[in-house]
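Biologist: I am new to this structure. Could you walk me through it?

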Amino acid sequence: MIRTDDMLYIISQMNSPLLAVEGNRCVLVRHRKAECLRCAAVCTTGAISRAPEGGIAVNPQLCIGCGTCATVCPSGCLEPQNPPDEALFGTMAEELTEGGAPVVLTCATAAAAAGTRPSVECLGRIDETFLAEAVVRGAVSITLISGNCSDCPHQRGGQECDAALASAARLLACFGRNVPLQKLTLAQVEPQQAASALSRSDNPSESPVPLPKPAAEELSFQHVQSDGTLPHFVPQRRLRLFNSLKALGEPCQQTLNTKLWGQVSVDTDICRSCRMCAVFCPTAAISPYDKSDGSFGISHRSALCMQCRLCETICPERAISVSDEVSLEEFLTGKQFRFKMDPIGWNPSAPDSISTRMARYFATDAVQDPQATNKPGEMAERRAYAQKKEAARRAAQQERKQ
């Protein structure tokens, strides 16, 4: 299995004028047992692929800057630069300064057939964030002009574009907005509309100059914070999309079915109370809480969940599940849900945490540790509780299997 430092170096090699990389955001870097290989699954040129030994392999020279990998990356580790988001949003904003206008974008294949420059290299670059913000800014329709995606060597980008259009339509429908979203080939577009769209493209045609690659020793993995969790972040695209949805007003539906956010559930009958989910959650959608009365557990906010499913993958008991159906009220208000966890026989934050943990393993009531504060018989009680909980956990697991 590839080490964390190696994985950080591998993904950072993709950094270029075509694709910006924030390596520490990659869930494969965050936890080496993560199963997210979405970028490798959609890369249309083989610049990012599955590695035989696990994780990914990269060949930056093959990257064409289509941006499809950035569209499916849940953590914002990959950001398109051909053009950057701000440039694309800026062009769209200029076209909608007076409101009530259609938005039209073209891919490189369609632009080449018309002898002009494209809006984007591939329509796989367009995600729900752009589509929702265009509607908020007053777009009356959004048309994406492509070549024949079924015959294109980058057809996976076209498939992701179709998925983004369908996903955006569901998001907008939750707020009563039914703006036409469509992808058409150049042959299906009215000549006047095509000419107008193609003439507006201002994507630079100059070849990008490669940036020097970072050396392995220049990269460093971000380590745990004072609360015992890894540093958190919120992908800019998800934040921008969330703000666009808030700007659409009150929802007309109760639930949102989406691949972008998730609702976490914890089966407390089989949970071991380790809270590793909170340690590795990239956005703090899952965070630990500890109360003065000794109770503890995790809090969850669906508005921060980016559905990377890292918590599902690394949970040792498979006690966590992530649903793609989210309550719109909870999502828009940022409401927190708390899952209270059972005691684990020792307090991981207490001064005597190491000694009490060792005492459980060695089946003794006394450990020679100056910080040990165990009372007579206390460890016996903790062991009895742990054994009882373990028996209940195994019974619950067996019931689930049946």
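Modeller: This is a predicted model, where local features need pLDDT of at least 70, side-chain atom pairs count only at pLDDT 80 or more, and totals for chains, interfaces and linings use all residues. Residues are numbered from 1 along each chain as its sequence is written, and side-chain values use heavy atoms, with hydrogens and water left out.

Biologist: At roughly what angle do the axes of helix α7 and helix α10 cross?

Modeller: Helix α7 spans residues 128–136 and helix α10 residues 236–247. Helices here are DSSP runs (H or I, at least four residues), strands likewise (E, at least two), numbered from the N terminus. Axes are lines fitted to C-alpha atoms, for helices over the stretch in contact, with angles from 0 to 180 degrees between N-to-C directions. The two axes come within 9 Å and cross at roughly 30°.

Biologist: Are α7 and α10 roughly parallel or roughly antiparallel?

Modeller: Angles under 35 degrees count as roughly parallel, over 145 as roughly antiparallel, 65 to 115 as roughly perpendicular and the rest as oblique. α7 and α10 are therefore roughly parallel.

Biologist: Which residues of helix α5 are buried?

Modeller: Buried means under 20% relative accessible area, exposed over 50%, partly exposed in between (1.4 Å probe, protein chains only). On the other side of α5, Glu86 and Glu94 are exposed. The buried residues of α5 are Asp85, Leu88, Phe89 and Met92.

Biologist: Is Gln263 buried or exposed?

Modeller: Gln263 sits in strand β9, residues 263–266. Its relative accessibility is 14%, so Gln263 counts as buried.
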